[in-house]
Amino acid sequence: MLDLMLPLECGGCGAPSTRWCAACAAELRARAAQPLVVTPRLDPGVPVLALGRYAGARRNAIIAVKEHGRADLVAPLGHTLRIGLCRLLGWGLIETPLTIVTAPTRALSARRRGGDPVARVGAAAATDLTGVTVIRALRLTGFAKDSVGLSSSQRQRNLAGRVRVTRPVVGAVILVDDVVTTGATACESVRALRGAGVAVQAVLALASA
């Protein structure tokens, strides 16, 4: 009866009576060699790594969190990101103390979504990780448009000079985002952080498109 009144469906595949099914959990889980280095069209000047392709259950879960308020999917996405962070630490590609800076979200989008989904996923990933902290230190200024449907050059122009560092960041930093597409957000975010004297080590994304 409760399912009829408040129907549940998997955020990855839409299967009924569950919020997150075992098959989608297996699909989202980072494989042994992940995260992998990817090459976006715009180079931010640091390694860019992704935990999988922007497709299937991964894509659906990210969209559900961002566009449909599925806060219950923050945990599985955060778990996947945590695995990626632990592997990078284990491989010696990054070291602690480490600061995660989450990619900026338009203020209007954040209000519409009930908060910043990337920041929530980043915070979930870093829970109880020794020597790892998460800071929302970037914000978009001016009239940056939603990037959906824009080409790489349009995305670059849309964000040029519009990412600002809003609080001090010390030590080694990894920039975390949900999806890397053209690399425009990563480029402008890294530029802003380096301009503030921040040592950015890499970009890590849940998915690459």
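**Entry 1. The sheet**

I began with the sheet: six strands make up an open sheet with mixed pairing, in the order S1-S2-S8-S7-S3-S4. I noted that two strands pair if DSSP finds at least two bridges between them. Strands, like helices, are DSSP runs numbered from the N terminus, a strand (E) having at least two residues and a helix (H or I) at least four. Strand S1 (36-37) and strand S4 (132-135) stand at the edges; each has a single partner strand, so one side of each is left without a neighbour in the sheet.

**Entry 2. The model and its confidence**

I recorded that this is a predicted model, in which local features need pLDDT of at least 70 and side-chain atom pairs count only at pLDDT 80 or more, while totals for chains, interfaces and linings use all residues. Residues are numbered from 1 along each chain as its sequence is written, and side-chain values use heavy atoms, with hydrogens and water left out.

I then looked up the confidence. The average pLDDT of the protein is 88, and 84% of the residues score at least 70; pLDDT is the predictor's confidence in each residue, from 0 to 100. Among the elements, S2 has the highest mean pLDDT (98) and H1 the lowest (47).

**Entry 3. The protein as a whole**

I counted eight helices and eight strands in the secondary structure. Of the 209 residues, 47% count as buried. Here buried means under 20% relative accessible area, exposed means over 50%, and partly exposed lies in between (1.4 Å probe, protein chains only). The accessible surface comes to about 10300 Å², and 55% of this belongs to carbon and sulfur atoms. Such areas come from the Shrake-Rupley method with a 1.4 Å probe, and for residues only the protein chains shown count as cover.

I also looked up the contacts, a contact meaning heavy atoms within 4.5 Å. Of the contacts with a separation of 6 or more, 73% are accounted for by residues 24 or more positions apart.

**Entry 4. Strand S8**

Why is strand S8 largely enclosed by the rest of the structure? I found that eight of the ten residues of S8 (residues 199-208) are buried, so the strand is largely enclosed.

I next examined the partners of S8. Strand S2 (residues 48-50) pairs with S8 in the parallel sense over three bridges, and Ala50 stands opposite Ala205 in S8. Strand S7 (residues 172-180) also pairs with S8 in the parallel sense, over eight bridges. Ala172 has Ala199 in S8 as its bridge partner, and Leu175 has Val203 in S8. The chain crosses from S7 through H8 to S8 in a right-handed β-α-β crossover. By definition, a crossover is right-handed if, with the strands pointing away from the viewer, the path from the first strand over the helix to the second runs clockwise.

I saw that helix H4 (residues 74-90) lies across S2, strand S3 (98-102), S4, S7 and S8, and that H4 runs at about 140° to S8. The axes are lines fitted to C-alpha atoms, for helices over the stretch in contact, and angles run from 0 to 180 degrees between N-to-C directions.

**Entry 5. Ser189**

I turned to helix H8 (residues 184-195), where Ser189 is found. Is Ser189 buried or exposed? Ser189 has a relative accessible area of 0% and is therefore buried. Apart from its neighbours within four places in sequence, Ser189 is in contact with Pro104, Leu138, Val163 and Leu175.

**Entry 6. Two cis peptide bonds**

I located Pro35 in the loop between helix H2 (22-28) and S1. A cis peptide bond joins Gln34 and Pro35, with omega about 10°. Pro35 counts as buried because its relative accessibility is 3%. The C-alpha atoms of Pro35 and Leu51 are 4.5 Å apart, although the two residues are 16 apart in sequence. Beyond its neighbours within four places in sequence, the contacts of Pro35 include Leu49, Ala50, Gly84, Trp91 and Leu204.

A cis peptide bond also joins Thr96 and Pro97, with omega about 0°. Pro97 lies in the loop between H4 and S3.

**Entry 7. Positive phi values**

Lastly, I looked up positive phi in residues other than glycine. Ser17, in the loop between helix H1 (2-5) and H2, has a phi near 65°. Asp128 has a positive phi of about 65° and lies in the loop between helix H6 (117-126) and S4. Asp128 counts as exposed because its relative accessibility is 71%.
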